[in-house]
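Please keep the structure open while reading.

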Amino acid sequence: MSTFKYVLKRIGLMLVTAFIIMTICFVLIKLLEPELPMMGNQAEAERARREALGWNKPIMVQYAIYLKNIFTKWDWGTSWKIDYFQPAASVIIKRLPPTVIINSLELLISIPVGIILGVFAAIKKNKWQDHLISIIIMLFISVPVFVYAFLLQYLLGFKLGWFPLIMSSLYDAGGKWFSKVMLKSMVLPVLSLSFGSIAGLTRMTRAELTEALTSDYMLLARTKGLTKSQAISRHAMKNAMVPILPRILGMILGILGGAMLTETIFGINGIGKLYLQSITTLDYDVFMATSMFYCIIGLASTIVIDLSYGFLDPRIRMGER
Amino acid sequence: MADIKNFVIPDIPASKFRLVQKDADIHDVKFETKPVGFFKDAWRRFCKNKSSVVAAIIIACLLLFAFIGPFITKYEMSEANGTYAKCRPINRALNINGFWDGGYNKKLNDKYLIYIMGIGMGAEDTEGEGCQWSDGIESQYGAIISIGDEYSAEGNTYRDARVDSYMEMGFQYLSLTEDQYNDIKAWEAESGIRAIYPMINIYGEWCDEYNRDDANYWYRHNAKQWPVNEKGKKMEVADVMENGLIDNYLRDGDGNIMDYMQRDSNMRTVRVLYYNYYQYRNGHAPEFLLGADPTGYDILVRIASGLRLSFLLSIAVSLVNFLVGTIYGAIEGYYGGAVDLIGERISDIISGIPFIVSCVLVKLHMVNTGKMSAFGGLVFAYFLTGWIGQAYLVRTQFYRFKNQEYILAARTLGAKDGRLMFKHILPNALGTIVTACALDIPSVILSESTLSFLGIYNFNSRTLTSLGTMLGDGQGYLSTYPHIILFPALAISLLMISFNLFGNGLRDAFNPTLRGGED
């Protein structure tokens, strides 16, 4: 089977899975008989909107209307509570920038640091540097992210007073995402996010590189006269990167997802917080749209990871037998 | 060999033959050493790994703490005392200065310094004879543990002091019936501890009308809350240090101080030293070993309860996942073909649902409608998606073993499918499965605390709490009352670290070939 066909098949399967999940979610949500909000100041428009969404019709009819709206008008419903009477899709898009910025900054830090630490640990395997890094990794992987977030807030934010405890709003920062005030207030959330991913990446790099370093082709490379650093950078790293690059790709896709915990702790008005709000306020259409957003990101990153394995090393074809 | 055709077997008479083992049973020779089975071998490898042994010990200690914690403290799980909410950790038996003393550092201005010191002085002035500054410092009810030098900032003078968060509550007014009053008096006589202090002349000249509810203003003060002397002149700190404070107690016609003020025919207003009144009510002094939370619950007993919840939940979840995942994976792997294909598609779809989505749906459908408790709902939510990893592992193991010769041999001997699956194949996969279960535990603990931290599942009730809930509720007190966050955070970090180490040790012990592969 050609690669193209394989890709198509995976995407097709993903769409089917997404559709089934969407159906399940929709039915389960509508079964709850959502409590309609009080008629606001746009009572007439609101009633018309509800009629158009078919709120009093059977669930399957509502679902058909919902699907039709999505495919014809890209209309994911209306937010009734969070952003009164705004289209759900635009509510989500409005919340994307802070999430994406914070997560991109986090990746900019954690990818190089993680890989460098991992390579260092693998080269110094079983020396004290390696043990130290291993202990730190163990700590960072085990300790929950809210614990570091609190520690950072308390030490760097409160005791030393270097950074604000929560992220500034766009308004305070003068309407610019990359102003000095904004970047300063992003330091703590970015740091607390990056600890976990640095640890994960370091652990993976170390494990992969250790395995590569002990394999026979490394011995051959040294025998034919390469220096240790040449052998590592030209042979071992290339092989070790095969599983690491897909993971990084997955992390990059995960930028969109946002981190609920960090966004809650640091008051970031991002997508994770939106999702939490939609749960607590029971804003059904936003909840549905955000759930699907998460779902599709999850499925897409699985596919991207699997496919990138195939591109990096054509012998691997994930999901095949 | 060449002569084999010509070889003649001599005729040996039967009587020359004799049976070697005529009376003995024929059997293999026993092992000289003790046999080492798979689990014993794994156990030996596990014991060699020091960090996981230490982790196992820590887990055991935490488990012990979760169950005996409630007996260490004098507090019940559901016992909240709003007066002592947010009090600092204290241990009177191990009261080392500045550590575990229930105090906290506070910047005091002059007026507030007198007020706080006044609590200890008032506790010593029981007879209305006035009280000196030194009495306040020495008083066992003094609210100031230690005090720094004076310094000025922004035009005011301040002192840094360490304030006892328990004594700081000082005095309170209570309305009691005569019987209650007599009961306290009887208790006082019996225990020798004084709870009822002289009533203040709150309607008199020397009590500001805004301070009539604050029983700590026992001394004469003016409308600006500064203490005054006999002549009604404002006293500065130095003055108070030298001459002490003058009481403003309620006196009858003969000049005797009164312990209560009659409100109406049966209610009396009395002024109690809350610390001692608390002893009267509860039979012990207030002593929160790890401090009190914003509601006034004892943090220690709440942490024990949160740990209990984490343990029970994670063990319940990994057991359920173990059972369901093993059976599902066994059936998929053993029968293969169409069964496997359909089974895999089902688990593909279920694993595509983000965990948070399924959690929320379970909460909305089951927990909010009252069909399940929060605990049951959480177990159910984990179960919905959690067994898939386990099933996948078991399926792989079954694929590996089902076509091996010994299975064929067993089948030829007539073993049924069930026997083959669970008696012959499964034990081979047991190491992997047990490891996966052990590694499931920390991830369940982590995601449970995340969910309850975010308030998606709320465990904050009188009888139930979770570490995540404690952290989430304590978030706002991070800079002012760090102990509220510190102890639950420590507990969960310790739990996570030790479970991860333990799980890794178990993995290395059961699958020695994987060693170093993933960590």
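Which element gives the most residues to the lining of the second largest pocket? That place goes to H15(B), with seven residues. The model discussed here is predicted.

## The second largest pocket

This pocket has a volume of about 840 Å³. Its lining consists of 31 residues, and those closest to the centre are Tyr154(A), Arg88(B), Pro482(B), His483(B) and Leu486(B).

Sorted by class, the lining has 18 nonpolar residues, eight polar residues and five charged residues.

## Where chain A and chain B touch

The contact between the chains takes 37 residues from chain A and 37 residues from chain B. The size of an interface is often given as the accessible area lost when the parts come together. For chain A and chain B, the buried area is about 3400 Å², with 79% of it on carbon and sulfur atoms.

How many salt bridges does the rule find across the interface of chain B and chain A? The count is zero. Polar contacts between chain B and chain A come to two residue pairs, both at pLDDT 80 or more.

## The chain B side of the contact

On the side of chain B that touches chain A, the elements giving two or more residues are helix H9 (337-352), helix H10 (355-367), helix H13 (417-454) and helix H15 (483-510). H15(B) gives the most to this side, with nine residues. H15(B) also gives the most to the lining of the second largest pocket.

By class, this side of chain B has 21 nonpolar, eleven polar and five charged residues.

## The cavities

A search of the whole structure finds two cavities of 30 Å³ or more. The largest cavity holds about 70 Å³ of space.

Which residues line the largest cavity? They are Phe26(A), Lys30(A), Leu53(A), Trp55(A), Gln62(A), Ile65(A), Tyr66(A) and Asp285(A). Helix H1 (3-31) and helix H3 (59-73) of chain A each supply at least two residues of this lining, and H3(A) gives the most, with three residues. Five residues of the lining are nonpolar, one is polar and two are charged.

Methods:
Residues numbered from 1 in each chain as written. Chains lettered and ligands numbered in written order. Predicted model: local features only at pLDDT ≥ 70, side-chain atom pairs only at ≥ 80, totals over all residues. Heavy atoms only, no water. Contact = heavy atoms within 4.5 Å. Buried area = accessible area lost by both parts, 1.4 Å probe. Salt bridge = Lys/Arg side-chain N within 4 Å of Asp/Glu carboxyl O. Polar contact = N/O pair within 3.5 Å; in protein donor to acceptor, adjacent residues only side chain to side chain. Helix = DSSP H or I, 4+ residues; strand = E, 2+ residues; numbered from the N terminus. Nonpolar A, V, L, I, M, F, W, Y, C, P; charged D, E, K, R; others polar. 1 Å grid on protein atoms, 1.4 Å probe; cavity = no way out; pocket = protein on both sides within 12 Å on 5 of 7 lines; lining within 4 Å. Points joined across faces, edges and corners; volume = space filled by probe spheres on them.
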